[in-house]
Amino acid sequence: MLGLVKGNDQTIGFVYYCLLCGVINMDEVNRWAEKVIGENEVSDLPDYIFDLIDLKGTVNELEHLLGFFPCWRRTKEQRKAVYGIAVKRGEKLSQDDVSFNEEQALEALKKHPEVEKLFRETFPFIDF
């Protein structure tokens with residue numbers, strides 16, 4: 001599967017970014033890992049995927065488990081669009097965490113439908 005290892009980390013980078021932003025929680029990361037295992041050859045997967053199923057820890061513990069710092073390489077506006085998904089899921093944005101408001105996040109999401117498409121493909125079990 002593409003995007004799960006250092007140097008080719010777009011998929012796990014997106015999952016990590018969603019967790020970091022509070023768009024998903026650790027239980028949803030666990031479910032995502034189950035989905036990845038179910039859709040791929042076990043021998044093609046990095047070992048950490050199997051540990052993710054039961055991880056109940058923090059973002060820092062996830063970083064430690066991965067063994068690298070994953071990165072989702074997108075524009076600032078696309079990253080803001082991820083927060084639009086959080087807003088659509090009923091989350092409030094804190095001005096202590098971000099420099100934009102809910103309306104701006106939703107507007108970014110509207111301008112970048114590819115972000116919502118990626119979210120729905122990555123987390124098809126999450127409905128909002």
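This is a predicted model: local features need pLDDT of at least 70, side-chain atom pairs count only at pLDDT 80 or more; totals for chains, interfaces and linings use all residues.
Let's take a look around Ile 24. Leaving aside neighbours within four places in sequence, Ile 24 is in contact with Val 15, Cys 18 and Leu 19, and also with Val 29 and Arg 89. Phe 119, Phe 123 and Ile 126 complete the list of its partners.

## The overall fold

Stepping back to the whole chain, there are seven helices and zero strands, and the order from the N terminus reads α-α-α-α-α-α-α. The radius of gyration is 14 Å, close to the 14 Å that the globule rule gives for 128 residues, so the chain is as compact as a globular protein of that length. Along its principal axes, the C-alpha trace spans about 45 × 25 × 25 Å.

How much of the chain counts as buried? Of its 128 residues, 44% do. If you look at contacts between residues at least 6 apart in sequence, 60% of them join residues at least 24 apart.

## Surface and charge

The accessible surface of the chain comes to about 7200 Å², and carbon and sulfur atoms account for 49% of that area. On the charge side, there are 16 positive and 23 negative charges, with mean positions 7 Å apart.

## Tyr 83 in helix H5

Tyr 83 lies in helix H5. Is this residue buried or exposed? Its relative accessible area is 14%, under the 20% cut-off, so Tyr 83 counts as buried.

Not counting residues up to four places away in sequence, Tyr 83 touches Tyr 17, Cys 21, Leu 93, Val 98, Phe 100 and Ala 105. Another pairing to inspect is Tyr 83 with Leu 106: they are 23 residues apart along the chain, and their C-alpha atoms are separated by 7.6 Å.

## Glu 116 in helix H7

Helix H7 covers residues 113–122 and contains Glu 116. With a relative accessible area of 16%, Glu 116 is buried, because buried means under 20%.

Which residues is Glu 116 in contact with, leaving aside its neighbours within four places in sequence? They are Ile 85, Lys 88, Leu 109 and Phe 128.

Notes: Residues are numbered from 1 along each chain as its sequence is written. Side-chain values use heavy atoms; hydrogens and water are left out. Helices (H or I, at least four residues) and strands (E, at least two) are DSSP runs, numbered from the N terminus. The radius of gyration is taken over C-alpha atoms; the globule rule is 2.2 Å times the number of residues to the power 0.38. Buried means under 20% relative accessible area, exposed over 50%, partly exposed in between (1.4 Å probe, protein chains only). Contact means heavy atoms within 4.5 Å. Accessible areas come from the Shrake-Rupley method with a 1.4 Å probe; for residues, only the protein chains shown count as cover. Lys and Arg count as positive and Asp and Glu as negative; His and the chain ends are not counted. The place of a charge is taken as NZ of Lys, CZ of Arg, CG of Asp or CD of Glu.
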